[in-house]
Structures are given as structure tokens and as C-alpha cells.
Amino acid sequence: MFVVAAGNDGCTGCIGAPADAKSALTVGAVDRDDRLADFSSQGPTFLDFGMKPDISAPGVEITAPRAEGTGGDGDYAAMSGTSMATPHVVGAVALLAQQYPDLTAGELKALVMASAAPADDLFGQGTGRVDVAAALEQPLQPSLGSIDFGLFEDPPTQHDPVESTVTYRNETDAAITVDLTITAAVDGGGAADSLTVTPSELTVEPGESGEAEVRLDPTQLTDRGQYLGELTATTADGRRLVTTPVGFELGPIYHEVQIAAVARDGRDVRPHIPYLYNVDTGGYLRDYCEAEYYCLRVPQGTYSLAGFVNTYAPWVPDGEDPREGVLNTSLVAYPEFTVDEDMTIVMDARDAVEVTVDTPLHPDGKVNDSGALQMTWSRTSGNGEKVMDHFLGMPGGQLEQRFFMTPTEEVTIGEFSASTRWIVEAPAIAFDTGDDLELRPEYYRADWFSDNSWQFPTVEGSSKLQVVDAGDASEADLAGIKLNGALALVRRSDATTVLDQSNAAAAAGAAMVAIYNDQPGPSNQLGAAQGKLDVPTVRLSHEEGSALLDRLSGKKKVTVTASGTQQSPYRYDLVYLEDGAIPTDLAYTADAGSLATVKREFYALGDHNTFAEASSPFQPGADAVYTRKFPVTGAPRTRTDYYVGDERVTWKHDLTTPESAYNVLWPTDPGSPLVLISPWETYRAGDTTRHQWFRGPLAPGFNPERPATRDGDILTIPTTGMVDAAGNFTETPTSHFHVGIESQFVLSSGGEVIAETTNVPAGTILLPSAEATEYHLSYRVDNHSSWAELYTSTVTEWTITSAATSGPQAQPFMAVDYDFAVDQSNTLGRESKLANVFGLQIGHPGDLRIGVRQVRVDVSFDDGKRWEKAVAIPLLNGRYLVMASGSLLKFNDSGYLSVRTNATDARGNTVSQEIIRAVKLP
């Protein structure tokens, strides 16, 4: 017998394999009050609309012994899930099998279902919560746990009558006579009069079995929908001995919807992931039909259709859908329309309006490669089900960096939204010919030629270059021409690759290469070869290259000023969100009155730090965001960032050091990255704020937004890692190689270890006592990475007294925050001989308001070999002014200041923190 968890997707109609097997006993999860757990997957089954789950059992915060080797800490773990509910049912079935060894698997399933504590939620809890005591005392045992006739598709006249036999076994020593009745009806509709049971009265002798025949004639069904009911066996005195659920469905009227697409140039193309969605029910569409285009067979109703349509360069053959050659992308949406007949919908990108963004504060601002970052749409049905999709711009993914969207009417059912996201910066590359010839150079995609940004040649600043026609950069074309320090103008060719053409021109002396398309329009075709470019290489359209050739034919010398930067002093990250409908006017102006400004400061952790950043804008109702990382070059530095003032959108930012590799063409030794994650941010128009990344020191601690809490005897550690001086947080698990991060988390009490890990400390810990008990927590992080110059050895230790709580309460693990007068290299102020004064704050998480009773601070100038006590002058609200005399400065053979802080609060809780190499010394 197979007992299977229903799954933890928490949605309706999403029970799939193996839980959808008819013979399986499928288990949902309930809490201690027999209420359905919000994560428990609900029926009907995904493909055949079957009745599942069969039964439910407790599955919320179930405490069980932790198996060795399964990860986590401590002897016990409290977890939730249908996989925690299923063992209860397995145990019940085992007891029943022991009591009734002759029962088959199907009869055991029927018995445990028939005896469950009733619940009025068939597709959530099945027949109810398992009740093994009732099962052991069940006098009349049925052979079926449920009668499920499944789905009858339209029209009902095509189906033959169906039958099911139920056997009842009498386990008592007296005859049992029961009246058998059966009913089933559509919610809000009529009953199934053609559903019958024979006989209507059944007598079963002791130790014997009796049969009943259930029959349904689907041709007589009139109301469409899901029929639910029950077969009951009732004694003469009205006592129900057995209730067996009955279910089936008469499917709706279906129509075929074909979906075609037309690009902006009028060519037929394939739409990308067109999503047809029922806005009444939010139901999944499962039935594809045969047709020339996308085709779905869908129930009659009201629908939304949205998807993305690419327009391709002229050289892309009709009917092909390559990755290369996309000019621009259109969101084509029809968020509310009726399907009441077979139809063909043409997603016509020619109806779309271009989305434009103007940045008057920086008229030179440019949407560089992949700066047309994202288009997103979201549709919520009338019953609250939600679906969304997105287009994410990737390097080299678009030739033009342009978005279009079709204007729509306001929806009347549920909700609809659409948005675009743009990154605008100083031009990464620009050409100026000194006259009216407009050139729009673009770099080729960096990930084809490099793993990291420093391997990809770019222009930083500006230089005036002579343009030289280098043909297709073949050996014959390069012979006899002078390219020393020139811009080589090269014609693209199918016979070679961008890599070979560029590097051949560079070997001949070119300082830069511009490759123009040999066919009309622009091209981002690269050829098969991958490798490192020797000089900056850009692409031009056929028309731009031809115009330059015309200039060369009429002049002895043509020059171009090439300029650009990868260190833009500003960055616009603009999300324009439209709710309800897409308007006809999609021209946006990012002016000072509509923007929030953030002065973003990038601090360095060493002389050769590299970074990569990502930002995630969460729109209303979104629990996930798709985004991508961008290298940040030139740190330490300050950049001015701009965001649309829109409080509907909340942001998370992260910064990784070292820079994340975006390819693995030339693998390097593994390193241990630190990924700092910012607090949640919401931007309001007109606001100016400041955000700092990696301002020192970094020290072990809890995420300031997610403190450790206790509920009863369960201590919840959301996560533990390191926190920088600006409150950004990073997890710091031990690396899986010998040179990297080494960390250890240990929770103990009375000298006994309760939990420990070298991985990410996150999860729940069962504490040994409900009484007020002293606990000691230590978290050490040592960074042996080659790039690590600061915070090479850090440890924070806490001692708290904690007792059982009646609900989740933050625990008094104190946080230590420093305010050193450092520059962006994390070096103490260079204007004085010794910046021996710094700020300190001791605080508690959440709403805890506990005074600090005692603070001691020590400093070291030789990586902790010698320590001297500093003076900590109390201010207000846990703040201190710390003054170090510097008497040990003569032992400064490290070039760094290390710090050690000990504090005790008014309740006797303590914190001790040591940071080796907290900041650099001038």
C-alpha cells in the first residue's frame, strides 16, 4: 500500500504525481485545530479532476527526531508539511493491518477513510482527519474509500453509464441492516437524478459481506460543474455507520483558440510564451489542439491573453526564431475577452506603442546593452488566483533596446498590471564624427568573450582615432594597410567570426575595431569561436558602416572620437508600473519631481576588490522577482542612483564581492563571495537618501530585519551571518574548499551543546527547558580568501537568559554597531595622525527595550596580539563615544585597527565581539 503526501504547493487543483494515483492513500495536512494548513495542496487532481486528497493528518510544526546526516542542528527538528502529516497515516494503517491482517490494501485505505473525523472540505482534507481509534472500532467496513467517476467531457451524450460496486463487511457478532442512500449535486445547481444505489436496504450477517451497486447515467446530467455527494449506510435508528464520498464532473463546453503573431515589420512570427488564462476561475489550461499555430482547447468563459512578440532584423529568415537578431520586443496583451466560439487571435505587435524614457537631468543618458531590462505583466482572476510573466533583457539579447506595449481597456474582472524597467547610464560607448553622421555603436555581448568585466576590453575616457577600411580583416585585406592606433572598420562575414576578425585587426595594430553588418540592418551574430578580444570591439549597422565607407572614399582621412565609460557617475533604475490597463501614452519623463535620489557609496575591502550588483523591484503581490547582476567597476566610488517615486514597488538590493563570473570559459580558483543584501526600500518622489555598501566593519550577527525569536520551547534562527556598518547582511557558510570562509555556530547551555553547524545557521532549535535558563551562543567567521584584507577573523558571543513564551518573541541577542570615520577604502581619516575616536551603539532586536549596564572596548594595532582598554563615554539610547589612547600604536606592524567589545544589559544578558582588522590605519 502506498501512502503519499499531497504536496506543499498550497493551491487548488494542483495535486500531481505520485499523489494523484487512484490506488494511493493521499494525505493532506491540518493544524492542531484540524484546520487545513495553508501549504497543503488541494484537489481535484491536475489532469483528470479526481477526488484527492483522501484523508488528512497533523502536519504543522511537528517535532520529530533529526536523522544523522540530514543537515541542521540539534537532536530534534520542528517542521511543517504534508510529509510530516503522512507518517501519522502510515502508522494508523500499520495498526489496522495488524488488527485485520486479511484486509487488502484497498480495504485498508477504505477503512481509514471511512473512520476519519469528518471535515466539510473534501478537496482539502479528504474524508477528514485520521482517527485510528474509530477505525479499530468500525463495525461495518466498506471496500471503497470514495466513489470517483471522474470527468465527463462535453457533450455528455457521448458517454455510457458507469457503475461501481461497494462491499460492506460486518465485523461484529450480530447482523447489521442499513438503509443505503446516495445523492450528488452541483454547488448552486441541480442534483444528479440518474445516480442510484441498489439495493436500498442491505442486511449483512456477522462475519459476512454484502454488496451494493452504484450506477450513474451521465447522459441525463443537465448542470455543468463538479458534482459532490455521498453514499450513506444508516441504521433504522438514524445512526450513520458508513459515509462514502461520491464525486464526478460534467465538463464545460469547449472551444479551440488558435494563437498567431505578427511582428512590427508585418512578418509572421512565433509568440513567446503566450499565456491564455481564465479570469473567472484562474484555472489551468491543460488541453492542446492540433493547428498551424499555438492552439488550446478551453472551456467557454472570459479569458486574458498576454505574451511577447519579437521583431527580427531583416536578415533573419521568415519563420525562424533565433536568439541572435532580435531588434525589439513587444508586450501584446488582451487582458479580458470572451471565448464563446472557436477563434483565432492574432497577437499583432504593430498595434503596440513604443515605451520611451527621457532623463532631462542627464540628457546624454543612454540605455546601454541590456538596459531595456524587463517587461512584466500580471493578471489576477476574479477568485484571487494570479499569474505573471516577464521578459528579461540579457547581454546581446536586443539590437535596439526598445520596448513596445499594446494599449488596453480597463479590466472589470480581477486585476491587471504591466510594467517596463529601464537602466539608463552614461554611454558605455559613443562615436562622434564631428559632423552630422550619426553612429550608434554597441559592444558585443561580453559573456561570449570573457568571464569577468576586467577581461572584456572597453573604452574608458575618449580618444580620437583614424578610421581605416580593413575589409573583412582577412590576411589579404590587412596586407599593405596601416592600422597602427587606428579604428579598423571591418565588414562582417559568414566565413569567419567576430573574434577572429577583431583579433586579426588588433594584431595588425588596430587600437579598436568596428564591425558593420554585411546585410541590411544591425547584426549581433558572433560566429562559433569564443575567446578573449584583444581590443575594444563594437558593432555597427550595415547602413552606418556604408556611410563611413562613403566618407573614406571621398576623403584622405576620416576620424572618429570614441568615448565611453563603465563607471557611470549616475544610474537610473526605472520601473514604470501601469495598473488596470495599459494607456496609449507610454512616454515617460524621469525628472526631479518624479524621482527618488540615492547617493550610493561603494566601500572597498582591499586594494583589488571587484563587485557585482543586482536590484529586485517587488511589485504588489509578487513573491519573486527575476533580475540580473551587473558588474560595478571603479570602486571605491560614489554613484547617484535614481528611482521612480512609487510606493507600490518595494526594493531589495544586493552587492557581491568578488564580482560574480558571468561565464566559465576560463575557470579560476574558487573563491568565497560575500553577498550583502540591503534592508527593504521604498522610494518616494523628492526624497534623497544615502546607502553604503561594505562600510566597515563587518561582524557576525543576525539579519537586522529578521531577529531570532522564541515560541514556546522552539528557538527560531531565521539566518545568521555578517552585518556591515550600514545594516546590510550577508550569510557566511563555510566554503567547500580549503581557501575561503570558515565559520562555526554553536548554541549551548550548562556546557552541553544544543546545536551547531558550519553551514548557514537557519532553522528551529528545540530548547531543553521551559524554565528561565542561561544559553550561550557563539558565531565565528574567519575569511581566508585571497581577496580578504579586512575582517579576517571575527567572532561574536552572546549569553542570554530565556524562558518559554506564549507566542513568538524576539530574544535579547544584542547587536554591536560601529561608526568609524573612514573613507571609502575603509581607512581611518587621513587628515589626522590617529583617528582615535569612534562611535559605538549597543542595541536589542525588535521591540525589546532593555538598558545597557556595562560596556568595555579594547583596541589592538597588531592583529590582536596586544590589547589596550579604550574609554567608552555613554551618550543616549545605547550610544557611546569611544576614545583610544593609541599607546600601543608603536606596535602597529599590521596597518589595521582591531576592536573588541563587551557589553552587559540590565537583565544580565551579555555580548562579546572581536573583529581583527576592523579598519585600515592611515
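My entries below go from the whole chain down to single residues.

**Ground rules**

I'm working with a predicted model, where local features need pLDDT of at least 70, side-chain atom pairs count only at pLDDT 80 or more, and totals for chains, interfaces and linings use all residues. Residues are numbered from 1 along each chain as its sequence is written, and side-chain values use heavy atoms, with hydrogens and water left out.

**Whole chain**

I looked up the secondary structure and got 7 helices and 63 strands for the protein chain. Both are DSSP runs numbered from the N terminus: helices are H or I with at least four residues, strands are E with at least two. The C-alpha atoms fill a box of roughly 110 × 75 × 50 Å along the principal axes. I also checked burial: 52% of the 922 residues count as buried. (Buried is under 20% relative accessible area, exposed is over 50%, and partly exposed is in between, with a 1.4 Å probe and protein chains only.)

**Cavities**

How many cavities of 30 Å³ or more are there in the whole structure? My search turned up 11. A cavity here is a set of points on a 1 Å grid over the protein atoms alone where a 1.4 Å probe fits but cannot get out, and lining residues have an atom within 4 Å of a point. Grid points are joined across faces, edges and corners, and the volume is the space filled by probe spheres set on the points.

The largest cavity comes to about 140 Å³. I find 16 residues lining it, with Gln 374, Thr 376, Pro 617, Gln 619 and Val 625 nearest its centre. Strands β25 (372-380), β26 (386-392), β28 (415-425) and β39 (611-618) each give the lining at least two residues. By type, the lining splits into 9 nonpolar, 6 polar and 1 charged. (Nonpolar covers Ala, Val, Leu, Ile, Met, Phe, Trp, Tyr, Cys and Pro; charged covers Asp, Glu, Lys and Arg; the others, Gly among them, are polar.)

**Aromatic rings**

I counted 23 aromatic pairs in the structure. Rings of Phe, Tyr and Trp (its six-membered ring) pair if their centres lie within 6.5 Å; planes under 30 degrees apart are stacked, over 60 edge-to-face, the rest tilted.

Why is the pair of Phe 149 and Phe 248 called tilted? Their planes are at 50 degrees, so the pair gets that label, and the ring centres are 6.4 Å apart. Phe 149 is in β9 (residues 147-152) and Phe 248 in β16 (residues 240-250), 99 residues apart. Phe 149 counts as buried because its relative accessibility is 14%, and Phe 248 is buried at 3%.

Phe 152 and Phe 248 also pair: their planes are at 70 degrees, so this one is edge-to-face. Phe 149, Phe 152, Tyr 227 and Phe 248 form one aromatic cluster.

**Charges over rings**

The charged end of Arg 264 sits over the ring of Phe 404, 3.8 Å from its centre. (That needs NZ of Lys or CZ of Arg within 6 Å of the ring centre and within 35 degrees of the ring normal.) Arg 571 lies over the face of Phe 630, at 5.0 Å from the ring centre.

**Two loop residues**

Asn 368 is in the loop between β24 (353-358) and β25, and is buried at 10%. Thr 732, in the loop between β50 (729-731) and β51 (741-749), counts as buried because its relative accessibility is 0%.

Technical notes:
On a 1 Å grid over the protein atoms alone, a cavity is a set of points where a 1.4 Å probe fits but cannot get out, and a pocket is an open set with protein on both sides within 12 Å along at least five of seven lines; lining residues have an atom within 4 Å of a point.
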